[in-house]
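Subject: Structure for you, with notes

Dear colleague,

Here is the structure I said I would pass on. My notes on it follow below.

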Amino acid sequence: KYKAYRCKYNGTPSDLGDGSSLRYYQFTANDCAELKNVDKLPGNSNNPNGPNLGPKGDECLAFLRRTRQCGDDYSYRVLNEGENLGPGVAWDLDESTCQSICNNVDCGDVDIEVDFLCPM
């Protein structure tokens, strides 16, 4: 038996603060439509405010539905609940292209959407 969750975010991504090109976003329970009205989510060990994707949340299949950010972005990867910075999405971003492609000094907001299919 499986349960599907759809999580999405549109806003400012995070970086590791180490000058690397890695960007990420760690989902919260409010990012996942099926979990918005659930009280007292226990979260998970990597993300106490994050969605609880069930007793086997680290075994979910994950599918990227949408990824968008201005600039040369690539290597999007979904992070499961048991992974560092998970559940969420990580990607590489070449910020040097933001000026020429986006006409901006930063690459702006990210628009991401992920489906998780989790065993119950």
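Tyr76 counts as buried, since its relative accessibility is 17% and the cut-off for buried is under 20%. Keep in mind that this is a predicted model. Trp91 is also buried, with a relative accessible area of 0%. Phe27 is buried at 0% as well, and Phe116 is buried at 1%. The rings of Tyr76 and Trp91 have their centres 5.2 Å apart, and their planes meet at 20°, so this pair is stacked. Tyr76 belongs to strand β5 and Trp91 to strand β6 (residues 88–94), and the two are 15 residues apart.

Other aromatic pairs

The structure holds four aromatic pairs. One of them is Phe27 with Phe116: the ring centres are 6.3 Å apart and the planes stand at 85°, so the pair is edge-to-face. Phe27 is in the loop between β3 and β4, whereas Phe116 is in strand β7, so the pair ties together parts of the chain that are 89 residues apart in sequence. Phe27 and Phe116 also belong to a cluster, linked by ring pairs, that includes Tyr9 and Tyr25.

Elsewhere, Tyr5 has a charge over its ring: the charged end of Lys3 sits there, 5.5 Å from the ring centre.

Disulfides

How many disulfides does a search of the whole structure find? The search finds two.

One joins Cys7 to Cys32, with a sulfur to sulfur distance of 2.0 Å. The torsion about its S-S bond is about 100°, so the disulfide of Cys7 and Cys32 is right-handed. Cys7 lies in strand β1 (residues 2–11) and Cys32 in the loop between β3 (22–26) and β4 (61–68), so the link ties together parts that are 25 residues apart in sequence. Both Cys7 and Cys32 are buried.

The other is formed by Cys60 and Cys118, whose sulfur atoms are 2.0 Å apart. The link of Cys60 and Cys118 is right-handed, with 110° about the S-S bond. This pair links distant parts of the chain, with Cys60 in the loop between β3 and β4 and Cys118 in strand β7 (residues 110–119), 58 residues apart. Cys60 is buried, at a relative accessible area of 6%. Cys118 has 0% relative accessibility and so counts as buried too.

Is Cys70 buried or partly exposed? Its relative accessibility is 25%, so Cys70 counts as partly exposed. Cys70 is in the loop between β4 and β5 (72–79). Leaving aside residues up to four places away in sequence, Cys70 touches Leu93, Cys98, Ile101, Cys102 and Cys107. Cys102 is 32 residues from Cys70 in sequence, but in space the two are 5.9 Å apart, C-alpha to C-alpha.

The loop between β5 and β6

Two backbone features fall in this loop. Which residue does a cis peptide bond join to Gly86? The partner is Pro87, and omega is about -10°. Pro87 lies in the loop between β5 and β6. Leu85 is in the loop between β5 and β6 as well. Phi of Leu85 is near 70°, which is a positive value in a residue other than glycine.

The chain as a whole

The chain has 120 residues, and 42% of them count as buried. Among contacts with a separation of 6 or more, 63% are between residues 24 or more positions apart.

To recap the cysteines, the two disulfides are Cys7 with Cys32 and Cys60 with Cys118. Cys70, in the loop between β4 and β5, counts as partly exposed, and its contacts include Cys98, Cys102 and Cys107.

Best regards

Terms used: Residues numbered from 1 in each chain as written. Predicted model: local features only at pLDDT ≥ 70, side-chain atom pairs only at ≥ 80, totals over all residues. Heavy atoms only, no water. Disulfide = S-S within 2.5 Å. Helix = DSSP H or I, 4+ residues; strand = E, 2+ residues; numbered from the N terminus. Buried < 20%, exposed > 50% of the residue type's maximum accessible area, 1.4 Å probe, protein only. Contact = heavy atoms within 4.5 Å. Phe/Tyr/Trp six-rings, centres within 6.5 Å; stacked < 30°, edge-to-face > 60°. Lys NZ or Arg CZ within 6 Å of the ring centre and 35° of its normal.
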